[in-house]
Structures are given as C-alpha cells and as structure tokens.
Amino acid sequence: MVEDALKVLLDKQPTWFFQVSSVVLIIILGILGFWAFLGSKRFAQGMGKENQLIELLKEQNDLKTQVNTHQSISAQLSTVLENSRSFIDSLNMYRRVDKADRHIAEHFVQTIIEGLSSDVKSVVGEKHRCGLWIQRDDNDSILNLVHGSAGFPESYINNRTLDINNSIAGRSFRKKESIFNKEDVTLDSDWTPTTSSGSYSALICVPVGNFGVITVDAKQPMHENALLIAELYASICEGFFIEFTDQFVYDAQQQAAVSQE
C-alpha cells in the first residue's frame, strides 16, 4: 500500500522534479566520492610514511650492527698491534744476545701461539685453538705438534703428528700458501676426522717458511681478519726461526724425534 502511494505521488511530479533530483543526486555522489578519494589518499600516504619509518628503523638497526662490528674489529686489531709490537721487541732483544736460552725461546714461541688463539676472536665467547707444527726432519713427511694453545690436550704436545702429503696443514706446508676454510672444513678433500676435531668446523693453516705450519681451529665461522692475524704471527715466528734455526728448530726436531721412539 505504501508502494502504491509512492507510485501515485511520483506519477504526479513534473518532469523537472526528476531532472533536478538527478542533478542533486549526482552532486551528492560526487561529494561522497571526493571525500572517499581524499580519505583513501590520506590513508595511502599514512601507510607510505609508516613503511618509510619501518625502513628507516631497519636501516638504523643495520647501521648499529655495522658500528658494533667495526668497533669489535677495531678493538681486535688494536690488541693485535700491541701484542705484535711486544713480540717484535722480544725478537729484537734476542738478536742482541749471542745465544738465546732455549727455555726462553720456547716460552717466546708459546706466547705467540697463545696470543694468536686469543687475538683471532672477533666475538666474545668464541673458542679457538692454535698449534705450531714443525717438520721433524728435512727428509721426513711428518709434521709434529711442538706448541699448542688451550684446547689441545697436554698429551698431544710432541706426540701429535700430521702427514705432510695427506692433511690440510701438510698441503699448506708443501705449497707454501695459506688455506682458509671459513665454515666447513669437512668439505676439504684432505680433511681427516680425529677424536678431537669433531666440534671444530673452521680451519686456518699458514706456513711458517720452510719450518712448519701454524693452524687455527674454530667452532664458528671465522672472519677474514683471522687469516691476516695468523699470517702476521706466522711471519714473526718465521723471523724468530730464521734467527735461531740451528738452536731452536733443531732442538724441536730432536725432541719430536725422541718422543716418537
């Protein structure tokens, strides 16, 4: 009944009424559409600003991480410079005497190995072990562990050996080049598992002239700086050996040979 009444009322309206109503309706829809457009535009701008804020916060966190990393590296290299200067001062002191005491000489080399195991750490809590392996005899194909940092059992010193032709350290010694397995040493064809190597996944081998090899084992991936530090300390050891070859290296070789008998 209401529908019939509305129909009768609309039928009685003049034509201009419908024309005006249509225009008014179009204007109203236009206004509503305009406000909807402004609302969506402001919403999009707000979302854009929020995304920009998220990106800025992400960049800020990345920059903070980089700053912390660079600060750690700077502190690490500062310590390395101090220690290496101390080692070089000691080496120069030995050069001024006719013959360095063997025990003092061994302490000097052990200090370098212990210093290396500490200085290669770029993150607090990392665990490394470093060893100095000397060729027992010029005609022998065996490298013998004569010095080791914490991490090597005491029983390994002068008893642990590596085959020059069948080990990563041996390959480094043969080719006179550094080897850096950053993350997974087990992928190296010359890697051989041992009872003490299971928890160590990264390895650095640096030749010490014609005398032997310095090795660095790590349980986490190592930074590139670790290789540079190992090469620096190996160079200091090589300089020491060149200066005291007949005295120190011969004694180490003799001691290693006796321990193998």
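The questions and answers below concern the sheet, the helices packed on it, and the core of this predicted model.

Me: On what basis are residues numbered and features reported here?
Reply: Residues are numbered from 1 along each chain as its sequence is written, and side-chain values use heavy atoms, with hydrogens and water left out. The model is predicted: totals for chains, interfaces and linings use all residues, side-chain atom pairs count only at pLDDT 80 or more, and local features need pLDDT of at least 70.

Me: In what order do the six strands of the open sheet stand?
Reply: Strands are DSSP runs of E of at least two residues and helices are runs of H or I of at least four, numbered from the N terminus. Two strands pair if DSSP finds at least two bridges between them. The pairing in this open sheet is antiparallel, and the order is β3-β2-β1-β6-β5-β4.

Me: Over how many bridges do β5 and β6 pair?
Reply: β5 and β6 form a hairpin with three residues between them, and G209 in the turn has a positive phi of about 55°. Within this pairing, P207 stands opposite V213 in β6. The two strands run in the antiparallel sense, and the number of bridges is seven.

Me: Which residue of β6 stands opposite C130?
Reply: β1 and β6 pair in the antiparallel sense over seven bridges. H128 stands opposite A218 in β6. For C130, the residue opposite in β6 is V216.

Me: How many residues of β6 are buried?
Reply: Buried means under 20% relative accessible area and exposed over 50%, with partly exposed in between (1.4 Å probe, protein chains only). In a regular strand the side chains alternate between the two faces of the sheet. In β6, G212, I214, V216 and A218 are buried on one side, and V213, T215 and D217 on the other. The strand is therefore largely enclosed by the rest of the structure, the count being seven of the seven.

Me: What covers the buried residues of α4?
Reply: Helix α4 (residues 168-175) lies across the sheet, running at about 30° to β5; axes are lines fitted to C-alpha atoms, for helices over the stretch in contact, and angles run from 0 to 180 degrees between N-to-C directions. Six of its eight residues are buried, so α4 is largely enclosed by the rest of the structure. These are I168, A169, G170, R171, S172 and F173. Their cover includes β1, β2, β3, β4, β5 and β6.

Me: Which element gives the most residues to the largest nonpolar core?
Reply: A nonpolar core is a set of buried Ala, Val, Leu, Ile, Met, Phe, Trp, Tyr and Cys residues joined through side-chain atoms within 4.5 Å. The largest has 36 residues, and F108, L116, L132, I204, F240 and F241 have the most contacts inside it. At least two residues each come from α2 (15-95), α3 (102-119), β1 (128-135), β5 (202-208), β6 (212-218) and α5 (224-243). With ten residues, the element that gives the most is α5.

Me: Which residues does N225 touch beyond four places in sequence?
Reply: N225 is found in helix α5 and is buried, with a relative accessible area of 12%. Contact means heavy atoms within 4.5 Å. Not counting residues up to four places away in sequence, N225 touches I73 and Q76.

Me: How far apart in sequence are the parts that F87 and Y233 tie together?
Reply: Rings of Phe, Tyr and Trp (its six-membered ring) pair if their centres lie within 6.5 Å; planes under 30 degrees apart count as stacked, over 60 as edge-to-face and the rest as tilted. F87 and Y233 are edge-to-face, at 5.5 Å centre to centre and 85° between the planes. F87 lies in helix α2 and Y233 in helix α5, so the pair ties together parts whose separation in sequence is 146 residues.

Me: Which residues have a charge over the ring of Y200?
Reply: A charge sits over a ring if NZ of Lys or CZ of Arg is within 6 Å of the ring centre and within 35 degrees of the ring normal. One lies over the face of Y200 at 4.5 Å from the ring centre, namely R129. Another has its charged end 5.4 Å from the centre, namely K219.
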